[in-house]
Amino acid sequence: LGCAKNTVDSDSMSILLEQDGFLALDKPGQAEVLIVNTCGFIQSAREESLAVLQELASKKKTGQVLIAAGCLTERHRELISAMVTGIDGFIGTRRWMDILEYVRSLREKPKSAVYHIPKSTTVGKDEKGVVRASMQGASAYLKIADGCRRKCAFCSIPLIKGTTVSRPMELILEDAEVLQQAGIKELVLIAQDTTDYGFDLGIKDGLVTLLEALLPRIPQIPWVRLLYSYPGYVSERLIELMSASSQILHYLDIPLQHAHPDMLKRMQRPANVDWVRKTISKMRQKMPDLAIRTTFIVGYPGESEKEFNALLNFVREIEFDHLGVFPFSFEPGTASEILGDPISEDEKSARLNELMKVQEGISLARNQRWIGKTLDVLIEGQGDGISIGRSFRDAPEVDGLIIV
């Protein structure tokens, strides 16, 4: 459940189990071991994770083992225990690589729920040699780092994952070569913050350094896509490399969260909105076909009408290609906890709908600029004389599709 980063962890656990002889099944009722890799990022994600666990627990057969894994387990094991009866094991997101030994121990000595959530300040580096990627058709997500050292007031990721842990560069390059051999046509680099890659390894402008080493190693992968870049860390070198490379897609995902400086300061986010304007302008000059995705939070504690209107005007001014909006989710333990959750859900929904209505017109207008032009499309499905795919302007799962 949850994001692409979680999908990579799920596939990594699957690889370890399958190497030991386990076989993946489509129907839970036929399985001996049930593993739910949970998401715990926001309230709606927690509710979904609990619902899936409750459903599997209610249908669990004698001899089946049910394991709650991942982010929600790492941070809210007591909540899961209170809400779901019938779970045999709990393994956190920081020690996913112990899944095989953990499953063996649960099956050999069945007893009351066993926890495997050791106190670790970071996600473990001992990845057991598995490729840290998830293949989705001709695309693949490749994880380059885990955890986050940022201190955004609303975000629980550092509490769940710990601080940033960059993967050794050579391991990333080896994984990418394996994906190339598998015929992948789109490589999507992911982390909590890809632009922070290498900081803990002492590498300056690490993402660019990684890309400069990566591209020559994967000449047969035509598309390399960057997700989750952090405001203020899109460097001049990165812009130059993106504009000069034929492999790096002219696509940038840069979650901004808000556009009013006072709001950004309260969120403990970079508050230099002029940097955003100048950087996007610079990138569009270098890459006129650049597609930009961002995300915003509405209803953060204290968000005034004036601040929300500033966000609306900013969106009209910048004209993002893709935009996601989330209502503020109250997260205990984060820096924003002391602010409470004073804005009503109805007001949050109203602001979300208003912002998305503005964006709807912008997206339509930007899409229409491409009428009459020819684009490469990565086909992901076909049938009845119709094919479905994506252009460079559309990231998997979150953006649009092209019908051929």
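Asp20 lies in the loop between α1 (4-19) and β1 (33-38), where helices (H or I, at least four residues) and strands (E, at least two) are DSSP runs numbered from the N terminus. The model is predicted: local features need pLDDT of at least 70, side-chain atom pairs count only at pLDDT 80 or more, and totals for chains, interfaces and linings use all residues. Residues are numbered from 1 along each chain as its sequence is written, and side-chain values use heavy atoms, with hydrogens and water left out.

With a relative accessibility of 37%, Asp20 is partly exposed; buried denotes under 20% relative accessible area, exposed over 50%, and partly exposed the range in between (1.4 Å probe, protein chains only). Residues up to four places away in sequence aside, Asp20 touches Leu100 and Arg104, a contact being heavy atoms within 4.5 Å. Asp20 and Leu100 are separated by 80 residues in sequence, yet their C-alpha atoms are 8.0 Å apart.

A nonpolar core is a set of buried Ala, Val, Leu, Ile, Met, Phe, Trp, Tyr and Cys residues joined through side-chain atoms within 4.5 Å. The largest such core has 70 residues, and those with the most contacts inside it are Ile144, Leu187, Leu189, Leu211, Phe296, Phe314 and Phe320. Helix α12 (residues 305-318) supplies the largest share of this core, six residues. A second, separate core has 17 residues, among them Met13, Leu16, Val123 and Val130.

Helix α12 has 14 residues, which at 1.5 Å a residue should span 20 Å; its end C-alpha atoms are 20 Å apart, in agreement. The expected span is 1.5 Å times one less than the number of residues. Buried in α12 are Glu307, Phe308, Leu311, Leu312, Phe314, Val315 and Ile318. These residues lie on the same side of α12, because they cover an arc of only 160° around the axis, taken from the directions from the helix axis to the C-beta atoms. Their cover includes α10 (261-266), α11 (273-286), β12 (291-298), β13 (322-327) and α13 (345-368).

| Residue | Phi | Location |
|---|---|---|
| Glu319 | about 60° | just after α12 |
| Glu397 | about 75° | loop between β15 (386-390) and β16 (402-403) |

Lys128 is partly exposed, at 38% relative accessible area, whereas Glu397 is exposed, at 65% relative accessibility.
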